[in-house]
Every structure is written in C-alpha cells, then in structure tokens.
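Please read the following points with the structure open beside the text. They proceed from contacts and single residues to the chain as a whole.

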Amino acid sequence: MLKKLSIYLTLVLSVMSPAAAWAICDVDYRVQPGDTLFSIAEHHYGDRGRWTLIYYGNQSRLTGPVAEPGKELHIPCAKGVSAPDATPLRRDDAEMKLLTGGGFAPFTDQNLPGQGLITELVNAAMELTPSPVSYSITWENDWSKHLFPKLNDKEFDMGFPWFKPDCDTTPQDDRCVNFHFSEPLITIPIMLFARADAGFVFTQDSDLEGKTLCRPKGYFTHDLDRPGRRWLSEDKITLVQAETPAACFHLVNEGRVDAASVNLFLGANTLIAEGLRDAILPVERPLSEEGLHVVISKRHWRGTSHLYRINAGLKALKKEGRFEEIVARHLELFWAQLQ
C-alpha cells in the first residue's frame, strides 16, 4: 500500500510534460462506475497528476469535483507553452483601476508568466468584453489592505481574486455585506492531505465523521458546515485551526490530526516547501470546490456595469476556447516548477 501511495505522490506532483506522447486525448469519454478524475487521467495520459486538465477542461460538464458515472467528459490534450496575449487596453492612465497582489501561485504574482493564471484571465476578459474600457492593475502584496480599506473606500474600482463566502447562510459576513462578486473566474478543488501510511479513506461524507482536520486560521469553513454536512455545528468532526498551512501539514505528519484541508495548489506548494513530499499525499476525492472572483464595493456607483464587463468578457473567453487554453498552459507551468 505504501509503495503504491509513494508512486502516486510522485505522479500527482510531477511535471505535466509531454511524456505521454501516446496520450489518448482530444476525445470524449463516458465515465464508468468506479472512475475518478485521477483514474481517468491515468488511463488517457498515463499520469494521475494530470487530472486537473480534465477538471478544468470540463467545467461546463461537471456538476462538482467528482466524476459521475454516465457523464460524458472531453479529454483535452495538453497545451504547449506560449506567450500571454497582448493587452492594449491595459495602461497606467486608465478609466478602470484594478487591485491584486502577489505570492498566490499559480494565480497572481508579478514574477509568473502573464503575472499568473487569474491575471491573464482578467486581461483576456477585459479585452473581449463587448463594452471595453482601458484599465490598470496595481499590485499590493499586503492582502490585508485590499478589501478594507482600499476596495471598500473605492480607492480602486475592483479587486481580484477573492473567495466568496456562503452568503445565503452567512449574510452577515463582511464580504457579503460590503461587496458584489463576479461570476467565478475559476474554481479550485479543496483537497484533504493525509499521511501516506495512514490508509485514509474518503469516498463519502460519513467517512470523515469522528476525524480531526486542520485548516489554517482565517480560512473559510463554510464548506465544512454546508447543508447535508453540518460537520461543525453538529460536532461531527474536530477542527484544528493552526497559524499557517505549513503548521497544519506538520500536525498531519506528527499524527496529531488526521488530515489537512487546503486548496490543491497551496497544498502542493506546501508539501514541497516543507520537505513533506514523501510523507503526505492528497486524497483523491476533493472535499469541495470554491470559486475565485472579482469583487467591487456595493457602494460603487458603477458596480453593475463594471461587473458586467468582467462577466461578459469571461463568457466570451470560454466561448472562444481561450479559457481552457490559458488554464492548461498555466497548469503545465505550475507543475513543472514543483519538480
């Protein structure tokens, strides 16, 4: 079992390279009972780690992060590395001012190609929107200053990327009270990471009852208490909130919690940074999925028109197929950098 899991870790965190020149891709596949996105990737690419290509290439076909038997999925081919598109509307003296920050690989960082996956999606959406305007992007790496005061005080028009709380169940959340959200720019799988030798099983929600999970302090928890789960409010699990993602992963490694729960990309980065790549693995079934959004103050007088531009541009981006191309290219780069 340990040997099998070690092989899996190597695959899931390996570079998504053209190693599978024989890959069975650019075809449709009907999901069979027992399939997961990981097993489908292994069958078509020879690499379980490429499951994210299928996940992001089928956002309009998937109803969640789980492969449903009978569902037909498209198996995309990997995209080669290419330069980001030109951004003629982006300039300093712009009509619309956007705010983002760095250190959020692979999504936003000035040192990433295209300044990150989300930055490139925003650039492309702004170019394709039916009502284009000039725009600027300002970088502030202290994320704690973004929502309050800068965006709330309308120092900037919009900011990205931000998780959206469950505003239906927690309407009093500061973000729900003060901000409008765009359609999701992208959804991210929220994963469980457990010790390789623990035999951790998560095939259905009831498998987690009685478990102790760690999620960093300040991170959202609404997915743990959503209708049908109520893991927190009904004390079905124990939640430990460590200071940092790294602290959570070390608690897993020490056997003090059963699993850590963070998004796929943060988890992969943390495993490498903390030297835990051979000790901790992602569990194949995602715990949930969360969207990253553009936000604008509810007191902004052009809030509706500005969000329309983002949403319409994003829709056009997906219709043209450029959304999948951009995402696939950045996934290739992200996994390659973890080698």
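1. In this note, contact means that heavy atoms lie within 4.5 Å. The model is a predicted one, in which local features need pLDDT of at least 70 and side-chain atom pairs count only at pLDDT 80 or more, while totals for chains, interfaces and linings use all residues. Residues are numbered from 1 along each chain as its sequence is written, and side-chain values use heavy atoms, with hydrogens and water left out.

2. Which residues does Phe334 contact, leaving aside its neighbours within four places in sequence? They are Ala105, Pro106, Phe265, Ala268 and Asn269. Phe334 itself belongs to helix H10, residues 322-337; helices (H or I, at least four residues) and strands (E, at least two) are DSSP runs, numbered from the N terminus.

3. Is Phe334 buried or exposed? Phe334 is buried, because its relative accessible area is 3% (buried means under 20% relative accessible area, exposed over 50%, and partly exposed in between, with a 1.4 Å probe and protein chains only). Between the C-alpha atoms of Phe334 and Pro76, which are 258 residues apart along the chain, the separation is 18 Å.

4. With a relative accessible area of 28%, Thr36 is partly exposed. Not counting residues up to four places away in sequence, Thr36 touches Ala67 and Glu284. The C-alpha atoms of Thr36 and Ile54 are 11 Å apart, and the two residues are 18 apart along the chain.

5. The domain assignment gives domain 1 (27-75), domain 2 (96-187 + 291-337) and domain 3 (188-288); such bounds come from an automatic or database domain assignment. Nine residues from domain 1 and nine residues from domain 3 take part in the contact between them. The centres of domain 1 and domain 3, taken over C-alpha atoms, are separated by 23 Å.

6. The secondary structure of the chain amounts to 10 helices and 12 strands. The radius of gyration is 20 Å, close to the 20 Å from the globule rule for 339 residues, so the chain is as compact as a globular protein of that length. This radius is taken over C-alpha atoms, and the rule is 2.2 Å times the number of residues to the power 0.38.

7. Of the 339 residues, 50% count as buried. Among contacts between residues at least 6 apart in sequence, 78% join residues at least 24 apart.
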